[in-house]
Amino acid sequence: AVARWAKKVVELAVAEGWTKNLASDAKAAVHYQIQDGATSDALASAQSAHGRVAAEHSSAGDLALLVARAALAGGQPAVAADAAKASRAAFEKAEKAKGAARASWRAGQAAHALGRIEDVEAAAGQVESPRKETLQALAALLKGEMKVAAGLFPQTGLRSADAAYAYMLAA
């Protein structure tokens, strides 16, 4: 029920051109839709919100990052990779290092899902620990270096969603 309500909020915001709070409304909607298992709705909401703002808008990086998150949740890593790249570019243009690092984290996750070792390693170089070690471990997994990967996965320091993602892959 909450996911449906959140979807309606984003649809109204997009239709009415309410860009002031669009990023926060879209983030809430996508979060609830992912939690509810409605990943295709989450991706559609994120893409709709992102498409509503101009590339120069201050929330362009956040909304592209939201598309990347929803695409990963929906099993569409190629879409996620493109969105993460756009997000990183928007954050770099706005000189927002933390946002660019978050986009690199999502880019690394997408690259792992696509089997792109070099892109995972590049993303690892653009984030801080413990996400850095997680991406290094994912690159090692792709190379078939299981013992190396096991030693790289961080034991602490990841946020709960990041830890769930990392430890699921490590298992």
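How are H2 and H3 oriented to each other, roughly parallel or roughly antiparallel? In this predicted model, H2 and H3 are roughly antiparallel to each other, where angles over 145 degrees count as roughly antiparallel, those under 35 degrees as roughly parallel, those from 65 to 115 as roughly perpendicular and the rest as oblique.

## Basis of the model

Because the model is predicted, local features need a pLDDT of at least 70 and side-chain atom pairs count only at pLDDT 80 or more, whereas totals for chains, interfaces and linings use all residues. Residues are numbered from 1 along each chain as its sequence is written, and side-chain values use heavy atoms, with hydrogens and water left out.

The pLDDT, which is the predictor's confidence in each residue on a scale from 0 to 100, has a mean of 85 over the protein chain, and 85% of the residues reach 70 or more. Confidence is lowest in helix H1 (residues 2–16), with a mean of 61, and highest in H7, with 97.

## Overall fold

The protein chain has ten helices and zero strands, these elements being DSSP runs numbered from the N terminus (H or I of at least four residues for helices, E of at least two for strands). Read along the sequence, the pattern is α-α-α-α-α-α-α-α-α-α.

Of the 171 residues in the protein chain, 42% are buried, a term that stands for under 20% relative accessible area, with exposed meaning over 50% and partly exposed in between (1.4 Å probe, protein chains only). Among contacts (heavy atoms within 4.5 Å) with a separation of 6 or more, residues 24 or more positions apart account for 51%.

## The pairing of H2 and H3

The axes of helix H2 (residues 22–35) and helix H3 (residues 39–52) come within 8 Å and cross at roughly 170°; such axes are lines fitted to C-alpha atoms, for helices over the stretch in contact, and the angles run from 0 to 180 degrees between N-to-C directions. On the H2 side, Leu22, Ala26, Val30, Gln33 and Ile34 take part, and they meet Thr39, Asp41, Ala42, Ser45, Ala46, Ala49 and Arg52 in H3. By class, this contact of H2 with H3 has seven nonpolar, three polar and two charged residues, where Ala, Val, Leu, Ile, Met, Phe, Trp, Tyr, Cys and Pro count as nonpolar, Asp, Glu, Lys and Arg as charged, and the others, Gly among them, as polar.

Helix H3 also holds Leu43, which counts as buried at 5% relative accessibility. Leaving aside residues up to four places away in sequence, Leu43 touches Val67, Ala70, Ala71, Gln76 and Val79. The C-alpha atoms of Leu43 and Ala68 are separated by 8.4 Å, although the two residues are 25 apart along the chain.

In helix H7 (residues 117–124), the buried residues are Val120, Ala123 and Ala124. They cover an arc of only 105° around the axis and therefore lie on the same side of H7, the arc being that of the directions from the helix axis to the C-beta atoms. An α-helix has 3.6 residues a turn, so residues three or four places apart point the same way. The buried residues of H7 pack against helix H6 (97–114) and helix H8 (131–143).

Val120 counts as buried at 0% relative accessibility. Not counting residues up to four places away in sequence, Val120 touches Gly108, Ala111, His112, Leu135, Leu138, Ala139 and Leu142. Val120 and Ala107 are 13 residues apart in sequence and 7.6 Å apart in space, C-alpha to C-alpha.

Ser87, in helix H5 (residues 77–93), is buried with a relative accessible area of 0%, and beyond residues up to four places away in sequence it touches Gly61, Ala64, Leu65 and Ala103.

## Backbone features in the loops

Most residues other than glycine have a negative phi, and most peptide bonds are trans. The peptide bond from Ser129 to Pro130 is cis, with omega near 5°, and Pro130 is found in the loop between H7 and H8. Glu95, in the loop between H5 and H6, has a positive phi near 60°, and at 73% relative accessibility Glu95 counts as exposed.
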